[in-house]
Amino acid sequence: MDKHPKDWRFAQANKEALLTLGAYALYFIWWYVCAYGMGSGDPDQYEYVFGLPEWFFYSCIVGYPLITVLLWALVRFKFKDMPLDEEIDEINKEQQS
C-alpha cells in the first residue's frame, strides 16, 4: 500500500530536488576540474589572472557566479510555487467519511 497519496506536489518536489542536486554536482565537477586540473602542477609554472592563480580564479571566482546564475534560472523557470496546505478535495473527503 502506498503511504503517500497521489499528489502532483510530491512529483514536483522530487523533480526540483533532482535538479538542485544535478546543478550542485555540475558545480562540484567544475570546481574539481579547475582546482585540481589546473592547480596540480608546479606552482612556479602557474598562470595568473588578475594576480590570482588561474586554477583559483576559474574554480572559485568564476565558478561561484556561474552556479548562482544557474540556480537562479532553475528557480525562475523550473520551480513552481505550490500550496503546502491540504487540498480542498482531500479535506471534503475526510469530512464525509
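How many residues does H1 have, and how far does H1 reach from its first C-alpha to its last? In this predicted model, H1 has 31 residues and spans 45 Å between those two atoms, close to the 45 Å expected at 1.5 Å a residue. The helix runs over residues 8–38. Its buried residues are Arg9, Gln12, Glu16, Ala23, Cys34 and Ala35, and the buried residues of H1 pack against H2.

H2 covers residues 54–77. It has 24 residues and reaches 33 Å from its first C-alpha to its last, close to the 34 Å expected at 1.5 Å a residue. H2 bends by about 40 degrees at Gly63, and a proline, Pro65, follows within four residues. Gly63 is also among the buried residues of H2, along with Phe57, Ser59, Ile67, Leu71 and Leu74. What do the buried residues of H2 pack against? They pack against H1, strand S1 (48–49) and strand S2 (52–53).

Between S1 and S2 there is a loop, and Phe50 lies in it. The phi angle of Phe50 is near 55 degrees, a positive value in a residue other than glycine. Is Phe50 buried or exposed? Its relative accessible area is 75%, so Phe50 counts as exposed, the cut-off for that class being over 50%.

Asp7 is found in the segment before H1, whereas Arg9 is one of the buried residues of H1 itself. Arg9 forms a salt bridge with Asp7, and the closest N and O atoms are 2.6 Å apart. A search of the whole structure finds one salt bridge. The two side chains are also joined by a polar contact of 2.6 Å. How accessible are the two partners? Arg9 has a relative accessibility of 13%, so it counts as buried, and Asp7 counts as buried because its value is 11%. The cut-off for buried is under 20%.

Further along H1 comes Gln12. With a relative accessible area of 6%, Gln12 is buried. Its side chain makes a polar contact with the side chain of Glu16, at 2.8 Å, and Glu16 is likewise listed among the buried residues of H1. Which residues does Gln12 touch, not counting those up to four places away in sequence? They are Lys78, Phe79, Lys80 and Met82.

Lys78 lies in the loop between H2 and helix H3 (88–96). Leaving aside neighbours within four places in sequence, Lys78 is in contact with Gln12, Lys15, Glu16, Leu19 and Ala73. For Lys15, the separation from Lys78 is 63 residues in sequence and 9.0 Å in space, C-alpha to C-alpha. Lys78 has a relative accessible area of 43%, so it is classed as partly exposed.

The aromatic residues make up the last part of the picture. A pair of aromatic rings is described by the distance of the centres and the angle of the planes. With centres required to lie within 6.5 Å, the count comes to eight aromatic pairs. One of them is formed by Phe28 and Tyr32, which are tilted, with 5.9 Å centre to centre and 35 degrees between the planes. Both residues lie in H1, four residues apart, about one turn of the helix. An α-helix has 3.6 residues a turn, so residues three or four places apart point the same way. Phe28 counts as partly exposed because its relative accessibility is 48%, and Tyr32 is also partly exposed, at 43%.

Trp55 and Phe56 form another aromatic pair, with 5.9 Å centre to centre and 85 degrees between the planes, which makes it edge-to-face. The threshold for that label is over 60 degrees. Trp55 has a relative accessible area of 25%, so it is partly exposed. Phe56 is partly exposed as well, with a relative accessible area of 29%.

Which residues do ring pairs link into a cluster? The cluster holds Phe28, Trp31, Tyr32 and Tyr36.

Key. Residues numbered from 1 in each chain as written. Predicted model: local features only at pLDDT ≥ 70, side-chain atom pairs only at ≥ 80, totals over all residues. Heavy atoms only, no water. Phe/Tyr/Trp six-rings, centres within 6.5 Å; stacked < 30°, edge-to-face > 60°. Buried < 20%, exposed > 50% of the residue type's maximum accessible area, 1.4 Å probe, protein only. Salt bridge = Lys/Arg side-chain N within 4 Å of Asp/Glu carboxyl O. Polar contact = N/O pair within 3.5 Å; in protein donor to acceptor, adjacent residues only side chain to side chain. Contact = heavy atoms within 4.5 Å. Expected span 1.5 Å × (residues − 1). Bend = angle between axes of the 7 residues up to and from the residue.
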